Amino acid sequence: MKKMIFDLKNVGMCYRKVASLPWSCNEFWALKDVSFSVHRGETVGVIGRNGAGKSTLLRILANIIKPDIGLITRADVTVTMQSIGAGFDPRLTGRQNIFLSGLLLGMDKQHISQRIEKIIELADIGDFIDEPVKHYSSGMRARLGLSIAYYVDADVILIDEVLAVGDQAFKKKASELIKGKIKSDRTVVLVTHSMDTLRELCDRVIQIEDGRSLPELPVDQTIARYLISRKKDNYAKQA
Amino acid sequence: MRRKNYIFLTFVMAITDFKIKYDNSVLGYLWSLLKPLLMFGTLYLVFSVFVRWDVENYRLYLLLGIILWNFLSEVTLNSMVLLEGKASILKKIYFPRWIIVIASSLTSLLTLLLNIVVFFIFFIFSGAHFRTSALLLAVYLAELYVLVVGVAFLLCALYPKFRDIHHIWEVFVQLGFWATPIIYPIAIVPPKYHPLIFANPAARIIQGCREALIGPSGEFLGFTNHIIITSVAACLFVAGLGMFNRLSRSFAEDL
């Protein structure tokens with residue numbers, strides 16, 4: 001049995017829309033009942049319609065937010081999340097941001113200094129590297145985010161739809177890099193709407209419907225179940 | 001290994017914050033000196049030329065009060081806008097959230113220390129002489145730091161859920177400026193109000209610093225004063241950090 005990385009049992013997450021007074025709030029359950037586990041070296045896909053709670057789930061795995069109900073066990077691992085608009089401080093230059101993100105993601109100083117030139121080269125943003133990030137185009141930000149994440153040695157990579165931004169050239173580059181990483185011995189949790197990506201890369205697929213994880217089936221069957229449920233939806237809309 | 005990284009990270013954040021703060025402005029860092037000095041100049045004009053207090057070394061007395069109060073108001077007021085500035089990072093990466101508050105407080109501490117250097121330049125030129133009790137300044141500054149960071153944790157934690165706290169605290173700081181003997185000598189306050197004024201630990205610290213450095217040494221150099229200040233500061237720090245740790249789990253959602 002491979003080492004367990006994440007284990008979720010009946011996890012739920014409630015967003016409280018806060019009115020100005022702390023005791024008056026509206027609740028909204030983004031996740032209701034999600035259970036699954038991830039083992040070392042696995043590539044796990046997550047599918048579900050928009051608003052099913054996929055991004056919330058990734059943020060829980062990344063320890064950015066804590067679930068309100070349920071139990072999550074997390075091995076002592078470093079986790080990086082890649083998503084649209086990586087976490088930059090817009091006032092800092094690209095170089096400073098590389099340094100800061102590197103530290104935040106648990107790299108040490110020497111490590112970053114060794115790789116900073118490679119990161120800059122991969123990001124391919126020229127002289128802009130010494131400009132504040134607020135002057136970057138969204139494509140430049142995406143490239144910088146991707147190349148930082150690529151050079152960080154995290155045990156677990158969470159990927160939230162990165163393949164959906166940027167121009168064709170970037171998409172191609174990004175998906176090649178990510179595929180390279182996934183095929184190495186990393187543990188990956190991947191949110192995507194691309195069925196081809198799922199079939200090609202994932203060992204397992206978790207389907208989330210309306211905040212609940214559905215019973216796990218082999219990859220092909222899960223994809224089929226997802227496509228059927230989407231079709232049903234479309235019919236319902238037409239009717 | 002991990003913990004060592006966090007401490008280094010805190011320093012990196014503090015230094016980059018310091019750089020950003022004065023980037024893109026012509027006078028740059030000089031502003032952090034100019035602001036208290038301009039305030040000092042105005043108040044000095046009003047309370048030394050128009051109104052006269054009978055205080056020895058009033059210039060030093062006033063300058064020290066302003067510098068210390070400025071530090072308090074800067075750290076506590078900044079603490080509430082910190083999270084919004086760092087929101088994009090908070091939402092993407094997990095790291096202990098206290099790093100943000102400590103880093104920002106270190107940035108202000110650096111400004112405070114530079115201001116204290118300026119104060120000592122004034123000190124030398126005004127012909128006041130050093131006494132051994134001046135060493136107590138270090139103790140008072142340490143107490144002030146713990147006190148202020150404790151309050152900053154508390155405010156920072158409450159702000160995302162309860163934004164009114166920003167307005168409330170702004171008023172509070174303004175009232176506090178007048179309710180603390182910063183521009184006026186404590187001697188003009190009727191003794192029956194003294195307990196009220198010195199219920200504020202910051203007033204004790206400011207008064208103590210003055211007595212240690214300039215003023216006639218009075219009651220605030222005593223051991224009891226330090227015990228009171230330290231225990232209040234420690235309580236606030238523990239309460240603030242506790243509240244912060246409890247509420248920080250939902251920062252990413254509330255921003």
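The model is predicted: local features need pLDDT of at least 70, side-chain atom pairs count only at pLDDT 80 or more, and totals for chains, interfaces and linings use all residues. Residues are numbered from 1 along each chain as its sequence is written, chains are lettered from A and ligands numbered from 1 in the order in which they are written, and side-chain values use heavy atoms, without hydrogens and water.

**The helix pair in chain B**

- Two packed helices are described by the angle between their axes and the distance between the axes.
- Here the axes of α2 (residues 30-50) and α5 (residues 98-125) of chain B come within 9 Å and cross at roughly 50°.
- Axes are lines fitted to C-alpha atoms, for helices over the stretch in contact, and angles run from 0 to 180 degrees between N-to-C directions.
- Helices (H or I, at least four residues) and strands (E, at least two) are DSSP runs, numbered from the N terminus.
- The crossing of α2(B) with α5(B) is right-handed, meaning that the near helix is turned clockwise from the far one by less than a right angle.
- On the α2(B) side, B:S32, B:L33, B:P36, B:L37 and B:F40 make the contact (heavy atoms within 4.5 Å).
- Their partners in α5(B) are B:T111, B:L114, B:N115, B:V118 and B:F122.
- The contact residues comprise seven nonpolar, three polar and no charged.
- Ala, Val, Leu, Ile, Met, Phe, Trp, Tyr, Cys and Pro count as nonpolar, Asp, Glu, Lys and Arg as charged, and the others, Gly among them, as polar.

**The largest pocket**

- The largest pocket holds about 430 Å³ of space.
- It has 19 lining residues, and B:W69, B:W169, B:F172, B:N200 and B:P201 are the closest to its centre.
- A pocket is an open set of points on a 1 Å grid over the protein atoms alone, with protein on both sides within 12 Å along at least five of seven lines; lining residues have an atom within 4 Å of a point.
- Helix α7(B) gives the largest share of this lining, six residues.
- The lining has 15 nonpolar, four polar and no charged residues.

**The second largest cavity**

- A cavity is a set of grid points where a 1.4 Å probe fits but cannot get out.
- The second largest cavity holds about 40 Å³ of space.
- Its lining includes A:Q82, A:L146, A:Y150 and A:K181.
- Helix α5(A) gives the largest share, three residues.

How values were computed
Grid points are joined across faces, edges and corners, and a volume is the space filled by probe spheres set on the points.
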